[in-house]
Amino acid sequence: MSTVTSTETKDLAPVSAESLAALLIGGERPPRPSALSASLTFGWRAMLKIKHVPEQLFDVTAFPIMMVLMYTYLFGGALAGSPKEYIQFLLPGILVMSVVMITMYTGVSVNTDIEKGVFDRFRTLPIWRPSVMVGYLLGDALRYTIASVVMLTVGMILGYRADGGVAGVLAGIVLLVVFSFAFSWIWTMFGLLLRTEKSVMGVSMMVIFPLTFLSNVFVDPHTMPGWLQAFVNNSPITHVSSAVRGLMAGDWPAAEVAWSLGWAGLFILVFGPITMRLYNRK
Amino acid sequence: MSQHTTGLAIETAGLVKTFGDTRAVDGVDLAVPTGTVYGLLGPNGAGKTTTVKMLATLLRPDDGEAHVFGHDVVREADEVRARVSLTGQYASVDEDLTGAENLILLGRLLGQAKKAARERSAQLLEAFGLTDAAGKQVKHYSGGMRRRIDIAASILNTPDLLFLDEPTTGLDPRSRNQVWDIVRAVVAQGTTVLLTTQYLDEADQLASRIAVIDRGKVIAEGTKGELKASVGAGSVHLRLRDAGQRPEAAEVLRRALDAQVQLEPDPVALTARVGAAASDTAAEQAARALGELARTGITVDNFSLGQPSLDEVFLALTGHDTQDSAKQDTAEQGNRKSEAVA
């Protein structure tokens, strides 16, 4: 075995054949990681990406701030008499709306990331297959949490007071993050299904705008026409927004929480397997 | 490590993959012995990468069978995955992460504990001369460094079988030599390597057996010696002073060497293949040819004796000659059958 020649580049040290050989002899192979451990490792990858490309936090900081300010002052006076009174009603709803809107970036990043060579490597590892996607969404859950905290802070500055206290607010955020985690499987599906980033974006908008606006986020649905009420009252966004609103106000909206979790379960059950089917075929 | 009864790391039979109307891989049979470097040689689009992807469980074959260490790549994909690793044509590491993070990430995914993964990462970076770049994002690495981190990631777990898909494409000669050294070190420790390449040179340097693949089919297979015998031991490249003398020069070479002569696009250049079947060496034959040319009064400006290029291998194996089927039989005999192609 010849070692590397002594003509080494200045910037690149030579490969050491001896130490390489010693490394390759390596002992026992560790057992394959558990599903949880693999998912958490991929979650760690998502964190590292945030660390190296912090600009991607823009959509969970600037965007939510803009949403709170815009809608509070746009609708506040007309709908509730004053922005200060409106925000008491609006904040939990706009929180739900913004975070659910942010979930659509998941589809875009899955779509661009999946084309990269590293996915070939991930796919040749003997690990629980969905862990790649779960890891993604775990990283996104952190983003959703950041967005929630940012919005709450802005809301408090504008005069929002949560009667539910710290516990109520925490419960609301946890519910929202869990729901968003589940909801994101729609986007992982689209991210894998559609060919380009642009089409992912386009489809996401088509889904997300009607779904979030046709809800009880901005106004009480009582003034809406009957057919629209039928839709709005059964929309998952309405359930989550009512649940979060209730939790933060210090109530225990058991039915709404149950509905929200039910929808979350449904999203995972339906879109999780479809996502994995697409992932395995890519 | 893995003792398989047949001693084969890879065994495929009639492997087929179609994309739309294209049969990217069209009935490939391979038998790769353990502990060796096996070269898959072919031009772009020949089906090399598709074959590797099927063997690495990334693509599902449309037809045929493939076994890696006796495990079916479709039905026992996880068994296969536990034994192989892949260095793809494009960097198979996460470019946003640093070199160290990449190795730790993969170590963890292979089941290593945090501390073990960190140590292994540091040792590998050291062995690959990347310690200084450990904390840099891979996207800032040079081509040679990327290849190194890529291969380091592939041998984290000392795989039984390593797929290297065109590992030196786009590298400068020095980096290429370093990659070759790494491959030799890896094989010396008992890992089987399936190497795809467009360069005969590379296959020659590393592989003990080579399959030449074209349009999804294996068109020749054998040891290096057998394969070379089928295309001639080398090529004489000539540049003449006067383009007008080229036909005459071609005729002289044909007589002197009993070889195929090819006229190059460059009007003063021509290439002759020197056969290995003759009793004298390629260099002696070339010297004789030069002497003949000088006697005929043809001025040679420039002369070189080299290995047959992939083009020439292809010409010899697929050539526009009629006897396509006869081609494969020539593997043992050197090529005398064919007349000038030009």
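## Chain B at a glance

Among the contacts in chain B between residues at least 6 apart in sequence, 69% join residues at least 24 apart; two residues are in contact if their C-beta atoms, placed from the backbone, lie within 7 Å. This is a predicted model, in which local features need pLDDT of at least 70 and side-chain atom pairs count only at pLDDT 80 or more, while totals for chains, interfaces and linings use all residues. Residues are numbered from 1 along each chain as its sequence is written, and chains are lettered from A and ligands numbered from 1 in the order in which they are written.

Chain B holds 12 helices and 14 strands, taken as DSSP runs numbered from the N terminus (helices H or I, at least four residues; strands E, at least two). Of its 342 residues, 50% count as buried, meaning that 20 or more other C-beta atoms lie within 10 Å of the residue's own, with C-beta atoms placed from the backbone. The domain assignment gives domain 1 (8-228) and domain 2 (232-332), with bounds from an automatic or database assignment. Taken over C-alpha atoms, the centres of these two domains of chain B are 35 Å apart.

## Where the chains meet

The contact takes 46 residues from chain B and 38 residues from chain A. On the side of chain B that touches chain A, H6(B) gives the most, with 8 residues. That side divides into 22 nonpolar, 14 polar and 10 charged residues (Ala, Val, Leu, Ile, Met, Phe, Trp, Tyr, Cys and Pro count as nonpolar, Asp, Glu, Lys and Arg as charged, and the others, Gly among them, as polar).

## The cores

The largest nonpolar core has 149 residues, and Val96(A), Val68(B), Leu194(B) and Val212(B) have the most contacts inside it. Such a core is a set of buried Ala, Val, Leu, Ile, Met, Phe, Trp, Tyr and Cys residues joined through C-beta atoms within 7 Å. Its largest share, 14 residues, comes from helix H8 (residues 165-193) of chain A. This core also draws at least three residues from each of domain 1 and domain 2 of chain B.

Leaving aside neighbours within four places in sequence, Val212(B) touches residues including Leu41(B), Ile219(B) and Val313(B). Another core, of 15 residues, lies apart from the largest one, with Leu238(B) and Ala282(B) among them.

## A helix of chain A

Let's finish with H3(A). The buried residues of this helix include Val60(A), Met67(A) and Tyr71(A), and its buried residues pack against helix H4 (83-102) and helix H7 (131-158) of chain A. After H3(A) comes Gly81(A), with a positive phi near 95°.

Technical notes: A residue is buried if 20 or more other C-beta atoms lie within 10 Å of its own, exposed if 12 or fewer, and partly exposed in between; C-beta atoms are placed from the backbone.
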